[in-house]
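Open the model in your viewer and keep the selection panel at hand. The tour moves from one selection to the next.

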Amino acid sequence: MTDAPLPDLILEMRGITKEFPGVRALDDVNLQVRRGTIHALVGENGAGKSTLMKVLSGVYPTGSFDGEIRLDDKPAHFKDIRQSEAAGIVIIHQELALVPLMSIAENIFLGNERDRGGLINWHETTTQTLAVLRKVRLDEDPATPVAGIGVGKQQLVEIAKALAKDVQLLILDEPTAALNESDSQNLLNLLRELRDQGITSILISHKLGEVLAVADTITILRDGRTVETIDARAEKVGEDRIISGMVGRDLDHLFPPRAPHLGETLFEIRGWNVFHETVPDRQMVIDANLHVRRGEIVGIAGLMGAGRTELAMSVFGRSYGKKISGAVYKDGQEITPHSVSDAIKHGIAYVTEDRKQYGLHLEEDIRHNVTLSDLGRVSKRSVIDLHHEVVEAEQLRRDLQVKARTVFQKAGNLSGGNQQKVVLSKWLFTRPDVLILDEPTRGIDVGAKYEIYLIMQRLAAEGKGVLMISSELPELLGMCDRIYVMSQGRITGEVSREEATQEAVMKLMTRTRTSAVS
Amino acid sequence: MAIDKLVVGPDPASSPPGGSPTPAAKPEGLLQTVSRSARSNVRQYGMVVALALIVILFQITTDGILLRPLNVNNLIMQNAYILILAIGMMLVIINGHIDLSVGSVAAFVGAVAGVMVVTWDLPWPLAVVAALAVGALIGAFQGFWIAYVGIPSFIVTLAGMLLFRGLSLVILEGQSLAPFPDGFREMAAGFIPDFAGGELHFFTILLGLAVSAAVAWNEWRTRRRRLYYNLPAGPVSWFVLRIAALTIVINAFTFTLARYEGMPIVGILLIALIVVYSFVMNRSVLGRHIYAVGGNRKAAELSGVKTKRTTFLVFVNMGMLAALAGLVFAARLNAATPKAGTNFELDAIAAAFIGGASAAGGVGTVVGAIVGGLVMGVMNNGMSLMDVAIDWQQAIKGSVLLLAVAFDVYNKNKSK
């Protein structure tokens with residue numbers, strides 16, 4: 001099929017231009033997708049990937065943009081998502097669109113019910129669900145509620161849902177962002193299988209390793225324009241080439257170089273135990289011990305559900321968990337932060353994993369977001385000094401180079417990387433000594449990642465302690481002086497920078513409870 | 001294009017320094033300014049414009065009765081208790097909750113005051129203080145279940161609505177208590193004194209001048225601040241026009257009142273509440289926390305905001321304002337009746353939503369609640385003057401509520 005003289009295009013987008021008041025989000029973008037291939041779409045946040053896919057799927061209806069869409073060599077004019085789905089285009093968004101308390105089968109046929117005169121035909125629903133679940137290699141009872149299976153399996157349910165709609169062109173927006181290593185592999189293998197069955201996929205991803213592993217063709221977008229389209233089967237492509245295309249400059253190193261200056265032990269946790277919030281006998285963290293020195297960047301590796309976030313949040317003013325026991329020391333003194341405001345007073349900051357849900361007030365402007373954690377700093381007797389507040393927020397905005405005209409801009413209107421910088425500003429505003437960062441670079445682009453790394457290194461250089469939770473091994477290896485590895489609630493190992501390799505860490509990550517005891 | 005300025009600039013270096021004064025006036029035409037500020041403040045301006053249109057409409061259909069001095073006075077006195085409730089309700093809704101009990105609480109507190117003043121013959125100022133305390137306690141009671149136990153406010157206050165309506169009937173034994181002493185009645189029916197008696201109420205006119213001067217000063221400060229931060233502030237002509245309009249409206253209002261008996265005491269009370277609550281919501285740490293909890297409770301909690309305590313305090317405050325509304329209503333009626341305050345909660349909730357609150361929480365202003373309350377109040381008054389039957393009044397008010405919120409939602413979706 002690769003030898004076809006004329007490329008058999010399933011989709012062609014020509015000269016797509018889309019403007020919002022004041023911004024040109026897409027500027028003459030061209031995209032050609034060959035049938036039966038995996039086509040990767042890469043670019044920094046704000047490069048226009050999502051906008052392009054919204055144009056394609058009818059979220060932005062025909063007429064609201066310039067340019068032409070041809071599907072199977074016929075012009076396509078979609079007025080809404082329903083029409084694009086009828087034509088076989090299905091988007092799977094980063095935030096999964098499943099109803100947690102409904103069953104797998106109900107979710108798969110949601111809005112597409114197998115019914116007779118308005119009554120659900122359960123027999124047909126179940127048999128067809130089993131058929132599509134087999135295709136995505138998911139061995140679950142169709143009656144299981146979606147809330148009862150992991151994120152990785154939920155992603156598969158989403159794909160099964162698309163298959164049930166007779167999908168021709170499957171679009172996946174950051175499908176592996178929330179998945180661990182093995183679930184990601186699983187998903188990528190599935191994409192290959194679907195390709196062999198003739199289903200074309202467009203893959204939007206920040207994880208270039210994945211892109212290089214599965215993509216047949218790679219299109220790079222930058223600032224709303226197509227930079228280039230690379231045939232990954234015809235030539236050897238490296239990450240560097242894609243990155244330089246995305247950022248428009250060469251990034252010699254993904255991680256900035258640094259010479260750590262380690263000081264005294266700053267922060268220490270001893271014998272830490274945490275139980276689940278709602279399931280009382282489920283222990284999430286088991287006898288954890290760790291320490292961070294001044295000037296040190298320490299990583300916590302682990303698979304999803306290993307207990308990393310639970311550990312961090314329970315230490316951060318007991319914002320997670322029940323029956324918490326153990327001791328926390330700062331500068332050798334035992335501290336007992338029983339609430340988040342206690343923790344903040346003790347100089348601990350926790351940058352949450354999910355910035356939109358737990359980190360930001362999207363309706364509020366940058367200024368209000370930045371000062372919320374420590375309004376006392378800019379107020380006298382509980383009255384906020386508005387001028388002082390603006391000055392402080394503006395200083396952090398410039399310091400961290402948040403790309404916004406002023407601090408009066410709504411946080412919800414910023415790109416992912418800039419939102420993350422606002423969250424960081426918010427925590428730097430509290431003048432912390434210990435920064436706990438939970439997945440600080442998830443879902444943000446390469447350029448912004450680099451800037452976040454620089455900020456982390458600067459904080460370490462100032463003598464603060466940085467504790468970083470990450471699911472991306474290369475990031476941990478590239479950034480950390482020391483890495484703790486967690487598995488099933490236990491810290492299964494500690495590796496120094498020198499001994500840290502992907503293999504060594506991965507081995508500790510997958511160590512089971514029984515083997516960890518020995 | 002004026003709107004460009006509100007959009008993210010690509011280069012942080014091009015952004016203005018916030019710390020240094022660089023009053024770079026931007027060349028922006030008057031029309032552009034009007035359209036920009038209308039677009040960025042659709043919620044606020046939309047409701048003010050709607051209120052103005054409704055006033056004009058009823059002024060015409062009632063042959064000018066609406067804005068006669070006596071009627072303007074009536075408008076304030078008739079709506080004061082709803083406006084007081086609307087302020088508290090706005091805070092509750094911003095915090096992400098609802099309070100269905102305020103009408104019953106108002107009746108209950110009115111009943112308590114009636115028993116204290118009429119039956120026990122206690123001095124009325126003492127009774128007022130005690131009644132406010134009772135209101136705060138009721139608020140604390142409901143706030144406890146909502147904030148600390150975690151029962152949805154809809155359910156707790158629905159229970160409170162039944163509970164306190166029932167208790168009002170118990171306390172009053174189904175009867176009305178009357179009359180109240182004069183001092184107590186002044187709260188709802190009295191006027192501020194005048195020192196130079198004449199045709200016009202001189203002190204009220206002075207008050208109008210003072211208030212408009214304060215408003216102008218505040219506008220000027222805001223403008224200076226915007227220029228200082230290099231935000232688009234619009235041309236001087238627009239600024240002058242705004243201040244002129246505000247001055248005219250304020251002084252026309254006080255002049256009209258001065259032609260009758262002057263500013264009612266309850267009017268002063270309202271102005272004080274608006275100023276204090278606006279200040280609390282905009283400038284105090286507590287106010288910021290109320291917005292933060294409503295906007296994103298989890299994020300607020302992880303920022304060290306004591307979310308439970310904030311919600312608790314919002315309900316204590318609501319209880320106190322419900323008590324105040326109950327007192328004003330009893331004073332106006334000159335009686336404590338078990339039927340007092342029926343459906344007040346619905347008027348207050350409607351006022352808050354018409355005034356720009358979001359059902360999701362985190363959005364709304366005190367002034368918005370007042371504007372929303374006035375929209376309802378002017379419609380009630382105007383339709384009564386036009387002899388529109390009470391059943392039709394209900395239907396029309398319902399439609400206006402729906403339209404106002406639909407307009408709001410439409411605008412929000414459009415700006416996405």
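This is a predicted model: local features need pLDDT of at least 70, side-chain atom pairs count only at pLDDT 80 or more; totals for chains, interfaces and linings use all residues.

Residues are numbered from 1 along each chain as its sequence is written, with chains lettered from A and ligands numbered from 1 in the order written.

**Stop 1: the chain contact.** Select both chains. Chain A puts 39 residues into the contact and chain B 30 (contact: C-beta atoms, placed from the backbone, within 7 Å). On the chain A side, color helix 10 (340–345), helix 11 (355–359), strand 20 (383–384) and helix 13 (386–399); each gives two or more residues. Helices (H or I, at least four residues) and strands (E, at least two) are DSSP runs, numbered from the N terminus. Helix 13 of chain A gives the most, with 5 residues.

**Stop 2: a helix pair.** Select 124–149 and 153–172 of chain B, helix 5 and helix 6. They pack at about 145°, axes 9 Å apart (axes are fitted to C-alpha atoms over the stretch in contact; angles run from 0 to 180 degrees between N-to-C directions). Among the contact residues are B:W145 of helix 5 and B:F164 of helix 6.

**Stop 3: the cores.** Select B:L85, B:A86 and B:V328. Within the largest nonpolar core, of 186 residues, these touch the most other members. A core joins buried Ala, Val, Leu, Ile, Met, Phe, Trp, Tyr and Cys through C-beta atoms within 7 Å; buried takes 20 or more other C-beta atoms within 10 Å. Helix 13 of chain B (307–333) supplies the largest share, 16 residues. Finish on a second, separate core of 69 residues, including A:L31 and A:Y60.

Conventions
Two residues are in contact if their C-beta atoms, placed from the backbone, lie within 7 Å. A residue is buried if 20 or more other C-beta atoms lie within 10 Å of its own, exposed if 12 or fewer, and partly exposed in between; C-beta atoms are placed from the backbone.
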